[in-house]
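Please look over the sequence and the structure below before reading on. The text then walks through the structure, beginning from a single residue.

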Amino acid sequence: MMLRTETITMRFGGLTAVDQASLAVRKGSITGLIGPNGAGKTTMFAVIAGFLQPTGGQVLWQGNDITRLKPHQRAQLGIARTFQIVQPFQGLNVLENITVGSYLRHPHTDDAIAKARAVAERVGLGGELEQPASNLTVAGRKRLELARALATEPKLLLLDEVLAGLNPSEIRDIIPVIRAIRDDGVTIFMIEHVMQAVMNLCEEVYVLAQGQMIAEGSPAAVCNDAGVIEAYLGKGAAARIANLGGAHA
Amino acid sequence: MKLNNYIPIILVTAALALVPLVFSSNALANFMAMALIITLAAQGWNILGGVAGQTSFGHAFFFGIGCYTAAMLQFHFGINAWVAFILALVAGAGAGFILGFLSFRAGLRGSYFALITLAFAELMRILANASEWTGGAAGLLLKLKPGLANMQFESRASFLWLALAFVFVGLVISRAIAGSRFGAQLVAVRENEDAARALGVDVLAVKLKAISLSGAMTAAAGVLYVQNFLYIDANIGFGVWISIEALLAPLVGGRGLVLGPLIGTVTLHGLGELTKSFAGRTPGIDLMVFAVVLIGVVAFASGGVLGLLRRFAPGLARRIAA
C-alpha cells in the first residue's frame, strides 16, 4: 500500500470533522473519495498532506508513520496536493508558478524551468506560459494547480475537486490528462463530485459522510450501496428507490 | 549564473564610480555617501520586505546593531575596523535569526510582524540611550585614524568607492537570488504560504534565511555610517528615520526588484535635495516631498519607478531585467 490512514480523527473544538476514518490507497491506482458536502473530505486531505495535525490516528506512507511530518517534508517524500480553492501565486506568470514546484527536485534554474515547461505542455498550458496566473480562466487555474503539483514529481497526487467549476467539455478534456498521469506511474487519490469522472477514472472509491467512512469498493458497487444513497438523499431514500424498481447506477 | 543578467548592475555601478572623478563638489560627495549608505540598508530591507513579502518597520534594529557592533568593538577593544565589520555582519545576521525565530515561528505576519520589528528597534534605541557601554545619550566618538587598514579615508572619493563596492555586492547578491531556487521560494512565500508549503517549501527556514541575510546587509550599512561619520548615538543607530528610509526606497524604486532600492533612494533623495535648493533650508521640507511621493506611489504606481517603466517602456524595463 502506498498510503494508509488508520482511525484518523480530527476535531475542531466541539466539532468532529473526521471520525475514526481509515482508508488505503494502492500503488498505481486511481482512488476516489466522495461524500456529501461537509463530510470532511478536504479535512482528510489536509491531514494526509500534513496541513492539519489529526486529533487521533495515524498516517502511514509506505508503511512508515508520517503523522508528525510537516507539509514540506511530505512533499519531499512525494505527496503532492492541489487545493479545492485554487491557490495560484497571483503575481507570477504560469511558468514561474510551475517552476516553484519543479525546483523541489531540480535545484538548478535551467533544469527546473525545463521541467516546468514539460509539465505545462502536458497539462495543456503550453501556450500560456507568459500569462500572469491571475489572467487564467477557471479551467486554466485548475490546470495550473495540477501542473504545479505535478512539477514536484510526486509519487502520490492528491486532487481536491480539480473538475469542480468546469463545463462538460472541459471535463472531457482533462479526464485523459489525469489518466495519463496515472499511466506514468503516479498514484492518484481524488476528491470529486463529478460522478461521470469518478465512474470513469476510479478503481476504488471511499465514501465519507459526516466524518465517517461509510462505504468502500468499486464505483458501481458504492453507488448502489443503501447507506451511500441515504447519506446523499436522506433517510429512507434507498428503500423508496428500490420500491420504484429503478436500479440506481 | 548568466552573465547577461549582471550587465545592468555593472553598468550602473561603473557610472556611479565615475561620479567622484567627474564632480568634486563636497555637497555632492556628502549626498552620495548618504545615498549609498541608505541604498545598502534598503537592499537589506528589500530581500525580506520586498522579495519575501515580510514587511519590516524596524530595520533600524539591524542598522543600529551594525553601527554599535563596529563602534563598540573599535572603541572599547581597539579591534581593527575590518574585523569589526565582519563581526557586525555576523551580529546583524544573528539578530535577524533571533528576531525571525521569535516572530515567524509564532506565525506573525503582515502588520503584526511590522509592529514587532518596530518594537525591537525602539527597545534597542532605549537601551542604547541608557547604557554606559554604548556611550549613553552622548554616543560614541571614534578616533580619526585615516588609512585603508582602518576603513577610514582622507579622500571623499575613496569612501564613496568603498560604499559603492558594498552596494555592488548587495546588487550582485540580490540578482543572484532573483534567478535562483531560493529566490523562487522567497517569492512563493510572499505570494501564498500554503501553496508554497504544498510544493515542498520549508516556509520557516526560507524566512529565517531571508531575515538573516537582510539583517547582515543592513548591518553593513550601519558599519559604513560609523566609518564615514566616526560617531554614533542611539537616535541615529536605532532611530525610526533609517527604518523609514530602508522601507521607503524599495517601495518607491520597485519593491522586490534588484535595482529597486538604488533607484528609489536616488529618486527620493534627489527630489529632496532639489526641493531644498528651491525652498531653502526649511526644516523638514524634504520629508514632505517624501510623503507626497509615497502617497503617489501607493495610489498610482504600486510597482514604483520600475513598475512605471515596465508599463510605459516595457522594452527598456526588460533590458534592465530588474
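Leaving aside the neighbours within four places in sequence, Cys202(A) makes contact with Ile30(A), Thr31(A), Gly32(A) and Pro219(A). This, like everything that follows, is read from a predicted model. Cys202(A) sits in the loop that joins helix H7 (195-201) to strand S9 (204-209) of chain A. Is Cys202(A) buried or exposed? A residue is buried if 20 or more other C-beta atoms lie within 10 Å of its own; Cys202(A) has 22 C-beta neighbours inside 10 Å and therefore counts as buried. Ser218(A) is 16 residues away from Cys202(A) along the chain, and the C-alpha atoms of the two are separated by 7.9 Å.

The chain around this residue can be described as a whole. Chain A contains 10 helices and 10 strands. Its radius of gyration is 19 Å, close to the 18 Å that the globule rule gives for 249 residues, so chain A is as compact as a globular protein of that length. Taken along the principal axes, the C-alpha atoms of chain A fill a box of roughly 60 × 40 × 30 Å. Of the 249 residues, 46% count as buried. Among contacts in chain A between residues at least 6 apart in sequence, 65% join residues at least 24 apart.

Chain A also touches chain B: 22 residues of chain A are in contact with 17 residues of chain B. On the chain A side, the elements that give two or more residues are helix H2 (71-77), strand S6 (79-81), helix H3 (94-102) and helix H4 (109-123) of chain A. H2(A) gives the most to this side, with four residues. By class, the side of chain A that touches chain B has 11 nonpolar, nine polar and two charged residues.

Chain B itself has 15 helices and two strands. The radius of gyration of chain B is 19 Å, close to the 20 Å that the globule rule gives for 322 residues, so chain B is as compact as a globular protein of that length. Its C-alpha trace spans about 55 × 45 × 40 Å along the principal axes. In chain B, 50% of the 322 residues count as buried, and among contacts between residues at least 6 apart in sequence, 75% join residues at least 24 apart.

Under "transmembrane region", an unreviewed UniProt entry lists several stretches of chain B, including residues 57-75 and 210-232. In the model, residues 57-75 of chain B are 84% helix and 0% strand, with the end C-alpha atoms 29 Å apart. Residues 210-232 of chain B are 87% helix and 9% strand, and here the end C-alpha atoms are 27 Å apart.

One helix of chain B can be followed in more detail. Helix H12 (residues 260-279) of chain B has 20 residues and reaches 28 Å from its first C-alpha to its last, close to the 28 Å expected at 1.5 Å a residue. Which residues of H12(B) are buried? They are Gly260(B), Pro261(B), Leu262(B), Ile263(B), Gly264(B), Thr265(B), Val266(B), Leu268(B) and His269(B). The cover over these buried residues includes helix H1 (7-22), helix H2 (26-51), helix H6 (156-178), helix H11 (240-253), helix H13 (285-300) and helix H14 (304-312) of chain B. Just after H12(B), Gly280(B) takes a positive phi of about 75°.

Notes: Residues are numbered from 1 along each chain as its sequence is written. Chains are lettered from A and ligands numbered from 1 in the order in which they are written. This is a predicted model: local features need pLDDT of at least 70, side-chain atom pairs count only at pLDDT 80 or more; totals for chains, interfaces and linings use all residues. Two residues are in contact if their C-beta atoms, placed from the backbone, lie within 7 Å. Ala, Val, Leu, Ile, Met, Phe, Trp, Tyr, Cys and Pro count as nonpolar, Asp, Glu, Lys and Arg as charged, and the others, Gly among them, as polar. UniProt positions are given in the numbering used here, feature names are shortened, and annotations may be inferred rather than shown by experiment. A residue is buried if 20 or more other C-beta atoms lie within 10 Å of its own, exposed if 12 or fewer, and partly exposed in between; C-beta atoms are placed from the backbone. The expected span of a helix is 1.5 Å times one less than its number of residues. The radius of gyration is taken over C-alpha atoms; the globule rule is 2.2 Å times the number of residues to the power 0.38.
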